[in-house]
Amino acid sequence: MSTSSYSLRKEKGDYYITMDKFHFEQCNIKGETTAYESLFLKDYLEPNKSWTGRYTYKTTYNSLQIPTVDTSVDYTGTILEKGISLTVKGVKYKDVIKFRIEQQTIVVVQEIGEATAYTSSIDYWVSKNIGIIKIATKDSTTELLTYTLK
């Protein structure tokens with residue numbers, strides 16, 4: 001079982017995602033990941049323009065046999081297209097921004113100093129006044145099913 005929450009904050013054209021503490025439990029082992037925030041999108045940039053950032057978090061466990069893990073993520077976001085239309089699940093969305101986040105993640109096991117690095121790339125399509133309507137990686141695609149405007 002796990003519990004977590006996140007929020008999206010917009011300041012002018014900058015969108016920030018804040019991940020709260022993440023608590024998890026499996027097979028009597030409990031753990032916690034610290035909160036972090038990252039700059040998710042700069043909606044005012046033109047295509048082929050980029051932004052960069054870094055966020056870090058720590059994962060700890062209630063077992064002395066499982067070491068603490070430090071994770072740092074360096075990322076670059078790039079606007080790929082703006083003002084496009086995209087049909088998702090039969091619904092046509094207008095004023096869509098497509099952008100890519102490329103990440104280099106380094107995971108360090110504190111007690112033994114062992115580090116592992118990996119990279120990932122995620123494409124996002126965001127529709128004005130709606131939010132994320134599609135996400136794609138090299139292995140999978142997720143599309144918005146429904147939404148409610150408030």
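Residues are numbered from 1 along each chain as its sequence is written, and side-chain values rest on heavy atoms, with hydrogens and water left out. Because the model is predicted, local features need pLDDT of at least 70 and side-chain atom pairs count only at pLDDT 80 or more, whereas totals for chains, interfaces and linings use all residues.

**Confidence.** The mean pLDDT of the protein (pLDDT being the predictor's confidence in each residue, from 0 to 100) is 92, and 99% of the residues reach 70 or more. Where pLDDT is low, predicted coordinates should not be read in detail.

**The sheet.** Helices (H or I, at least four residues) and strands (E, at least two) are DSSP runs numbered from the N terminus, and two strands pair if DSSP finds at least two bridges between them. An open sheet of 3 strands has the order E2-E3-E6, with antiparallel pairing; its edge strands, E2 (6-11) and E6 (36-42), each pair on one side only. Neighbouring strands of this sheet are turned against each other by 25° on average, direction ignored, where axes are lines fitted to C-alpha atoms, for helices over the stretch in contact, and angles run from 0 to 180 degrees between N-to-C directions. E2 and E3 (residues 14-19) run antiparallel and are joined by 6 bridges, two of which are given below. The two strands form a hairpin with 2 residues between them, and Lys 12 in the turn has a positive phi of about 55°.

| Residue | Bridge partner in E3 |
|---|---|
| Tyr 6 | Met 19 |
| Lys 10 | Tyr 15 |

**The largest pocket.** A pocket is an open set of points on a 1 Å grid over the protein atoms alone, where a 1.4 Å probe fits, with protein on both sides within 12 Å along at least five of seven lines; lining residues have an atom within 4 Å of a point. The largest pocket is lined by 30 residues, of which Leu 8, Tyr 15, Ile 17, Phe 40 and Ile 132 lie nearest its centre. E6 gives the largest share of this lining, 5 residues.

**Aromatic pairs.** The structure holds 10 aromatic pairs, counted where ring centres of Phe, Tyr and Trp (its six-membered ring) lie within 6.5 Å, with planes under 30 degrees apart called stacked, over 60 edge-to-face and the rest tilted. One of them, Trp 51 with Phe 99, is tilted, at 6.0 Å centre to centre and 50° between the planes. Trp 51 lies in strand E7 (residues 50-61) and Phe 99 in strand E9, so this pair ties together parts that are 48 residues apart in sequence.
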